Amino acid sequence: MNKETVVIEIYAYATPNSIKVPIALEELGLDYVLHPINVKQGEQKHESFLSLNPNGKVPVLVDVHPATGERLVLSESAAILVYLAEREGQLLPAAGEERARVFEQLFFHASAVSPSFGNAGFFARLAAEPQPLAQQRFLGEALRVSALLDAQLAERSFVAGDDYSIADIAHFGWFWRRDFSGVALDAYPNLSRWYAQVEQRPAVQRAIARLNALVASI
């Protein structure tokens with residue numbers, strides 16, 4: 001398969017996990033079509049979407065080969081990032097410690113960054129009743145992992161080493177939506193430097209613009 005023979009469709013909303021996939025696609029120079037799934041109105045629970053992802057979460061990638069009709073449906077943003085990077089041979093080292101460090105950060109994102117940021121935002125903004133203990137617990141964890149990343153970025157240009165990778169794209173999603181979680185970057189100079197560097201990439205700006213326009217259209 002190559003860029004000319006593959007049609008990529010992305011089902012997404014303006015969420016921290018959704019933005020990762022358009023960023024990767026823009027970085028890789030791949031054409032794609034965005035389909036809005038309005039999670040605020042519960043469209044991720046509609047039967048048509050659940051047929052793509054029974055877990056009812058965005059984003060979802062559908063990759064169709066027009067010549068053969070071969071169809072790949074893939075959920076989980078980190079899995080999608082790995083799939084795209086491996087298919088194109090970019091944004092992920094082929095072997096060795098460098099590759100392991102990227103996966104280390106991807107798993108750290110899935111086990112620490114994403115749940116702490118997500119739960120901090122949920123208990124601060126969406127919980128039916130105030131739950132100060134839970135809010136304090138998850139905000140504290142979000143701040144802890146932010147400080148950890150800040151310390152790591154004092155010694156490296158990007159989160160997994162000297163080169164930009166899908167690990168940076170993964171982390172960027174939640175820091176792009178950090179206000180939801182109550183996290184600010186003021187106390188983290190290295191993290192602030194990294195965030196600004198990633199945010200200024202043309203591919204990142206194009207992806208944000210496309211996703212924001214998608215949401216504005218519905």
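## Sheet

Two strands pair if DSSP finds at least two bridges between them. Strands here are DSSP runs of E, at least two residues; helices are runs of H or I, at least four, and numbering starts at the N terminus. This is a predicted model: local features need pLDDT of at least 70, side-chain atom pairs count only at pLDDT 80 or more, and totals for chains, interfaces and linings use all residues. Residues are numbered from 1 along each chain as its sequence is written, and side-chain values use heavy atoms, without hydrogens and water.

Four strands form an open sheet in the order S2-S1-S3-S4, with mixed pairing. S2 (33–36) and S4 (71–75) are the edge strands; each has a single partner strand, so one side of each lacks a neighbour in the sheet. S3 (residues 60–64) and S4 pair antiparallel over 5 bridges. Val64 has Arg71 of S4 as its bridge partner.

## Nonpolar core

A nonpolar core is a set of buried Ala, Val, Leu, Ile, Met, Phe, Trp, Tyr and Cys residues joined through side-chain atoms within 4.5 Å. Buried means under 20% relative accessible area, with a 1.4 Å probe and protein chains only. The largest core has 59 residues; Ile10, Leu84, Ile166, Phe172 and Trp194 touch the most other members. H6 supplies its largest share, 8 residues.

## Helix H5

H5 covers residues 132–153.

Technical notes:
Expected span 1.5 Å × (residues − 1). Buried < 20%, exposed > 50% of the residue type's maximum accessible area, 1.4 Å probe, protein only.
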